[in-house]
Protein chains: 4
Amino acid sequence: MRGNSFGKMFSLTSFGESHGPAMGVVIDGVPAGLSVSLEDLQRELDRRAPGKIAGTTSRNEDDKAVILSGVFEGKTLGTPIAVIVHNTNQKSADYDKLKEEHRPGHADKTTMMKYGIRDHRGGGRSSGRETLSRVVAGYFAGLVLPQVKVKAYVSLLGPFEHKEILKDLSADLSPYSFPDTKRNDEIKKYLEDLKAQGESVGGRVRIVVENSPVGLGEPAFDKLKADFAKALLSIGAVVSFSYGLGEEMAQMKGSAVSNTANAFGGMEGGISNGEKMVMTITFKPTSTVGDKAKEGRHDPCIIPRAIPVVEAMVKVVLADHFLRQNAYQI
Amino acid sequence: MRGNSFGKMFSLTSFGESHGPAMGVVIDGVPAGLSVSLEDLQRELDRRAPGKIAGTTSRNEDDKAVILSGVFEGKTLGTPIAVIVHNTNQKSADYDKLKEEHRPGHADKTTMMKYGIRDHRGGGRSSGRETLSRVVAGYFAGLVLPQVKVKAYVSLLGPFEHKEILKDLSADLSPYSFPDTKRNDEIKKYLEDLKAQGESVGGRVRIVVENSPVGLGEPAFDKLKADFAKALLSIGAVVSFSYGLGEEMAQMKGSAVSNTANAFGGMEGGISNGEKMVMTITFKPTSTVGDKAKEGRHDPCIIPRAIPVVEAMVKVVLADHFLRQNAYQI
Amino acid sequence: MRGNSFGKMFSLTSFGESHGPAMGVVIDGVPAGLSVSLEDLQRELDRRAPGKIAGTTSRNEDDKAVILSGVFEGKTLGTPIAVIVHNTNQKSADYDKLKEEHRPGHADKTTMMKYGIRDHRGGGRSSGRETLSRVVAGYFAGLVLPQVKVKAYVSLLGPFEHKEILKDLSADLSPYSFPDTKRNDEIKKYLEDLKAQGESVGGRVRIVVENSPVGLGEPAFDKLKADFAKALLSIGAVVSFSYGLGEEMAQMKGSAVSNTANAFGGMEGGISNGEKMVMTITFKPTSTVGDKAKEGRHDPCIIPRAIPVVEAMVKVVLADHFLRQNAYQI
Amino acid sequence: MRGNSFGKMFSLTSFGESHGPAMGVVIDGVPAGLSVSLEDLQRELDRRAPGKIAGTTSRNEDDKAVILSGVFEGKTLGTPIAVIVHNTNQKSADYDKLKEEHRPGHADKTTMMKYGIRDHRGGGRSSGRETLSRVVAGYFAGLVLPQVKVKAYVSLLGPFEHKEILKDLSADLSPYSFPDTKRNDEIKKYLEDLKAQGESVGGRVRIVVENSPVGLGEPAFDKLKADFAKALLSIGAVVSFSYGLGEEMAQMKGSAVSNTANAFGGMEGGISNGEKMVMTITFKPTSTVGDKAKEGRHDPCIIPRAIPVVEAMVKVVLADHFLRQNAYQI
């Protein structure tokens with residue numbers, strides 16, 4: 001009821017403050033007998049680690065996943081899987097001035113309004129480090145639906161835009177998750193310049209899903225599109241969600257929509273129809289600007305690091321709905 | 001688990017097929033002792049009734065609310081409130097051809113994929129009539145937070161656009177819920193022309209909330225923005241959600257956002273901050289086009305009738321989060 | 001959160017006050033495509049109806065089930081099934097004196113403590129009529145697991161005791177649900193005498209389940225025994241629950257238990273093991289005694305009418321756990 | 001949905017296998033700003049530790065609680081509180097023979113039936129060590145309702161019986177939690193003799209609660225008695241639950257019950273009425289008997305160590321229902 005859990009059949013419960021002893025997650029609802037690879041899990045976590053992408057924060061957080069339960073001799077037991085990441089490299093002193101500071105768009109002020117108390121160090125519970133829990137859960141969700149391909153990529157970042165829907169979901173897009181990989185150097189320079197100016201920028205991410213089972217999504221309230229929207233808006237920096245033609249439909253006639261292939265992005269009546277799923281979300285620019293933003297630890301654009309978090313949440317929703325639908329196949 | 005319930009502390013469970021005996025809702029979690037007015041409840045239902053707005057469907061559905069439980073001598077008992085609306089005026093024969101037909105963007109096909117069976121008459125469970133349950137719940141949610149003002153209005157409908165955020169939430173906007181009421185006749189003609197052409201159109205709705213308590217919303221997953229997104233995307237025709245500056249932030253610099261008043265639409269860190277809440281959603285055009293759309297029962301634009309549904313869902317989210325937050329004030 | 005729902009995958013939401021317009025239930029989670037017989041449903045309801053058993057209340061409540069949704073052409077749709085029973089034959093005036101009266105062991109006083117308001121007529125929400133919702137749900141739960149046999153019977157009622165565990169679950173036990181049917185007349189006379197004295201009596205009910213699937217029950221908290229205990233203690237008059245050898249084990253040595261066949265009543269580690277399930281519950285005597293109890297409407301022993309309610313709750317728990325377990329079989 | 005969580009407003013999610021890296025619990029729903037004492041928490045854990053009571057297992061498990069999140073500068077933050085206990089002293093090799101062995105009354109066999117895989121070492125997930133999570137949660141539940149006194153004690157253990165309801169809840173009962181502390185030496189000898197014989201014994205525990213708020217418990221399904229029953233039956237060795245006069249009422253007349261003070265153990269209509277709460281549960285004898293039971297690690301009677309677990313579950317139910325009731329006080 002305090003909002004730290006997500007999912008019904010495949011559920012994660014997240015915990016941890018940025019500068020407390022550890023961040024962690026308990027995942028309940030992973031079927032028994034699935035093979036687990038700690039290396040694969042760690043690889044996912046490393047994708048969101050700072051300091052690995054030029055223009056992203058240089059903190060070396062060294063986020064090593066430790067599995068505390070639920071896996072035995074390389075297989076899931078069907079029992080809850082707890083994974084923690086120790087907060088080893090946090091410099092709390094750096095954050096002392098934040099004690100009284102309330103960053104715009106951040107939870108600093110509203111946390112005090114809500115609880116009357118907070119751990120101000122590094123954003124405390126509201127830190128981006130909380131998304132570690134989601135990446136871990138996404139890894140296990142992927143085990144439930146191994147055939148489903150989920151790909152998120154940057155479709156807009158400053159002057160860089162990729163309008164078409166990605167065709168080859170197997171292509172590697174790193175490090176900026178922008179499909180036109182030839183423009184890597186340009187993006188790098190753009191982000192470095194932003195940082196030098198103490199500036200940040202927002203952007204847009206598109207998500208494509210292939211090979212999803214049909215029939216996922218529960219009307220009336222747990223429509224697949226509704227649960228995707230909730231999952232993605234639960235990421236701190238996300239400010240919009242749309243699917244299929246999305247906002248364009250505000251100005252379209254019904255006949256034009258009818259004549260567009262996959263206008264509804266793989267979901268009709270809130271239920272997956274087997275076509276390619278397409279969703280789009282907007283990220284706000286990070287709040288920290290000015291001299292502070294020029295310091296090492298701040299990202300001028302959070303999106304590249306958020307890509308694995310986005311993919312993870314989509315996988316969690318799919319796994320959850322798959323298990324729900326599976327329950328009623330008797 | 002079948003998705004027919006919404007909300008945790010203030011929860012509604014919806015039931016009913018469009019051409020079955022009745023639609024209905026059970027609302028659990030309304031505090032005891034609140035005064036109920038059947039007239040006020042009926043007035044809310046009438047706002048979404050077809051045939052009352054030119055250019056909207058001419059079916060006279062006569063949706064009379066019947067309270068079956070939870071209210072005694074004009075007061076809520078704290079027990080579940082069941083309300084039904086009999087489906088008195090449905091002509092099932094009209095829908096016989098739908099048995100084999102699958103309208104694009106509708107649940108026709110995916111319902112079969114999911115359940116292997118459906119009540120095809122009038123959309124069955126996926127009919128827009130299901131939203132009656134939400135309007136009823138919205139009325140009771142309003143009793144929980146009587147001081148909060150929730151207003152939804154059309155900000156884009158074909159060539160008609162109202163860009164500014166509505167200032168006076170008490171102003172009456174009927175019948176098209178477009179703020180510039182002088183353009184009523186133009187809108188009427190526009191919709192009539194669309195209908196004559198067998199055409200439909202999408203649009204945009206903006207929601208403004210004033211006087212909300214601060215501290216509503218539960219990080220990490222039940223952020224207020226996330227629950228609003230889910231609530232609104234659970235409405236069949238809604239294809240996008242954003243809040244505050246929304247999609248504009250994709251192309252904005254951090255400094256520009258920081259310099260914009262209420263850029264985050266009343267929510268920071270997923271928690272209400274006491275400022276005016278602002279959200280925007282997109283409606284797709286209705287699927288029925290061509291000769292069929294020229295018949296009496298079809299709306300060329302669903303939005304005017306959806307406005308009370310949108311307001312209701314927002315109220316439900318607020319009431320639910322208010323009770324959740326209240327629980328922990330010890 | 002107000003406690004009117006039970007079950008997770010197979011869930012019922014109950015509503016209604018005894019003297020309001022109707023009692024009802026919404027059942028969400030019944031798989032699609034199951035055949036429904038209104039006659040069978042009505043037969044279950046009739047088993048708990050008053051006035052059909054000598055020594056039980058003579059109110060002719062005429063509880064006719066009306067299905068409002070979820071069933072189409074004799075099959076379940078997979079959508080929520082709403083069933084109501086109109087409260088046609090209630091004489092509210094009879095209950096006027098209850099307005100200020102608080103019967104011991106009843107919810108009269110505590111309802112006021114909790115809500116500050118109540119519908120006093122006929123017990124309002126706390127009336128035994130609420131159990132109609134459970135019997136309806138039990139019918140649909142039975143459709144989910146048609147091969148499972150669930151039988152509840154009176155093992156102790158005043159001087160009448162049946163100690164052995166019932167062998168033939170198909171035998172008809174009506175009207176008192178006491179296995180030794182030759183003693184019907186004695187029981188009848190015993191209950192009539194009790195009534196003439198303005199007296200009531202408690203008793204014991206045993207439940208036996210055959211053919212349950214193995215593997216039902218979820219450690220750690222949703223052990224099958226724990227959910228049975230909750231389901232059965234949620235019946236107003238039930239004051240104890242045990243399973244297998246139950247209370248006898250308080251005085252037994254481990255070796256003696258090990259040497260007893262099916263000592264744990266079909267559940268080990270909280271999970272069904274395929275053996276016959278055996279549970280025992282105690283009913284308190286009804287609270288109404290003295291001159292009032294001599295009036296027509298009062299039962300000297302509630303148990304015979306409660307038998308279908310007990311069976312229904314057991315079926316609901318089994319259906320719910322079966323669907324939960326089924327979800328994870330991928 | 002896998003049953004590892006308990007409670008709605010005050011909820012705990014338990015994880016861990018007996019011989020995995022750690023056992024743990026995440027508690028969500030503790031209000032912000034409460035003072036936490038690690039010493040007090042540890043003291044509760046030590047009460048269930050083996051080897052501290054003669055006749056109980058001599059494993060020195062050294063269960064040191066480590067708080068990972070949710071507490072900052074000695075106060076609760078309102079964020080999830082994660083606590084782990086490392087499994088430092090487990091000798092997995094001792095359990096190798098258990099791989100193929102299925103102890104009666106244990107989860108050994110049914111775990112395989114359910115999951116098809118298990119961690120056999122020390123009972124794995126079904127080990128009594130799982131109850132650590134409950135004791136931790138009970139400590140935090142106690143912070144929510146500091147004025148409530150919850151006391152569990154042994155009312156029957158072999159030839160030792162204490163029939164009266166405990167009057168002074170502040171009295172210290174250690175080490176066997178039997179009220180008549182003069183009989184300590186007798187009990188010690190009795191348990192030592194049992195162990196020497198490779199025998200075990202069951203028993204009975206009574207729970208008394210004073211100073212509970214009135215109005216706790218939610219009809220129809222989440223009656224306080226129903227949630228207590230579930231909470232206590234979720235403890236592995238518990239095989240019965242009753243409250244108030246309990247099973248005695250099976251043979252009582254209504255007039256006799258009416259004339260008994262507090263016959264319903266502080267709960268009427270499933271709601272607390274302010275009187276002393278009284279509940280009784282039965283423990284089965286531990287399954288391990290014969291030569292194996294003579295080894296060091298086995299308890300001839302589990303009850304003394306289970307007392308803090310029982311108290312913890314009762315506190316969790318009370319805290320959960322208190323927050324639920326508080327939510328609706330607007």
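Tutor: Start with contact, which means heavy atoms within 4.5 Å; helices are DSSP runs (H or I, at least four residues), numbered from the N terminus. The model is predicted, so local features need pLDDT of at least 70 and side-chain atom pairs pLDDT 80 or more, while totals for chains, interfaces and linings use all residues. Residues are numbered from 1 along each chain, chains are lettered from A and ligands numbered from 1 in written order, and side-chain values use heavy atoms, without hydrogens and water.

Student: Which residues of α5(A) meet α5(B)?

Tutor: A:K225, A:A226, A:D227, A:A229, A:K230 and A:L233 meet B:K225, B:A226, B:D227, B:A229, B:K230 and B:L233.

Student: At what angle do α5(A) and α5(B) pack?

Tutor: Two packed helices are described by the angle and the distance between their axes. Here helix α5 (residues 224–233) of chain A and helix α5 (residues 224–233) of chain B pack at about 165°, with axes 8 Å apart. That makes α5(A) roughly antiparallel to α5(B) (over 145 degrees between N-to-C directions).

Student: How do α3(D) and α7(D) cross?

Tutor: The axes of helix α3 (residues 132–144) and helix α7 (residues 303–327), both of chain D, come within 8 Å and cross at roughly 45°. The contact includes D:R134 and D:V135 of α3(D) and D:P308 and D:V309 of α7(D). Its residues divide into 12 nonpolar, 2 polar and 2 charged.

Terms used. Axes fitted to C-alpha atoms, helices over the stretch in contact; angles between N-to-C directions. Helix = DSSP H or I, 4+ residues; strand = E, 2+ residues; numbered from the N terminus. Nonpolar A, V, L, I, M, F, W, Y, C, P; charged D, E, K, R; others polar. Parallel < 35°, antiparallel > 145°, perpendicular 65-115°, else oblique.
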